[in-house]
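Subject: Structure handover

Hello,

Here is the structure we discussed. Please look it over before reading my notes.

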Amino acid sequence: PATYTTCSSRSFAIRLASGRLLAVFNDDPAVRRNMTAALSDDDGATWTHKLLLDPRQETSYPDIVQAEDGTIYIIHDHARYQGGYILVSRITERDIEAGRLVDPASYASRIVSHTKNVR
């Protein structure tokens, strides 16, 4: 089972084609901030490789897909009640291992959608 500490927000985990587990979660036990991608080589016992995707507060609801070429796409939201941003990250396992974007085609937290409707 996956063992990582996060606040009371949805996290998401999948098994990658490489066999590793990938989890995306708020890497803060108290609030929704530090949206992070983490790799586990031991079925979730430890998460030795991490990549911070979005350091801001009010990040939540990640989802992950892996393309046939191994590219990882992650979507999450930010400030859903203060403007409603949907963001996408395109990363690789190498990026997560390095703890920073090393693939020239990788990017983190690009705006896909934004609404100015505020509750």
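Predicted model: local features only at pLDDT ≥ 70, side-chain atom pairs only at ≥ 80, totals over all residues.

Sheet. Four strands form an open sheet in the order S1-S2-S3-S4, and their pairing is antiparallel. S1 (12–15) and S4 are the edge strands, each pairing on one side only. From one strand to the next, the twist averages 10°. S2 and S3 run antiparallel and are joined by six bridges. Within that pair, Val24 has Ala37 in S3 as its bridge partner.

Cores. The largest nonpolar core has 14 residues. Leu22, Ala37, Ile72, Ile74, Ile91 and Ile96 have the most contacts inside it. At least two residues of this core come from each of S2 (21–26), S3, S4 (49–57) and S6. The largest contribution is that of S3, with three residues. In soluble globular proteins, nonpolar side chains tend to be buried together.

Leu22 touches a number of residues beyond four places away in sequence, among them Phe12, Ile14, Ala37, Leu39, Trp47, Ile64, Ile72 and Ile96.

Leu39. This residue lies in S3 (residues 33–40). Is Leu39 buried or exposed? Its relative accessible area is 0%, so Leu39 counts as buried, the cut-off being under 20%. Leaving out residues up to four places away in sequence, Leu39 touches Leu16, Leu21, Leu22, Trp47 and Ile96, as well as Arg20, Thr46, Thr48, His49, Glu93 and Glu97. Ala79 is 40 residues from Leu39 in sequence and 26 Å from it in space, C-alpha to C-alpha.

S6 (residues 72–78) and S7 run antiparallel, with seven bridges joining them. Ile72 has Ile91 in S7 as its bridge partner; both residues are also among those with the most contacts inside the largest core. The hairpin of S6 and S7 has six residues between the strands, and in this hairpin Ala79 takes a positive phi near 55°. S7 also pairs with S8 (residues 107–114), in the antiparallel sense, over five bridges. There, Arg90 has Tyr107 in S8 as its bridge partner.

Why is S7 (residues 85–91) largely enclosed by the rest of the structure? Five of its seven residues are buried, and therefore the strand is largely enclosed.

Regards

Note on methods: Residues numbered from 1 in each chain as written. Heavy atoms only, no water. Buried < 20%, exposed > 50% of the residue type's maximum accessible area, 1.4 Å probe, protein only. Contact = heavy atoms within 4.5 Å. Pairing = 2+ DSSP bridges. Core = buried A, V, L, I, M, F, W, Y, C linked by side-chain atoms within 4.5 Å. Axes fitted to C-alpha atoms, helices over the stretch in contact; angles between N-to-C directions.
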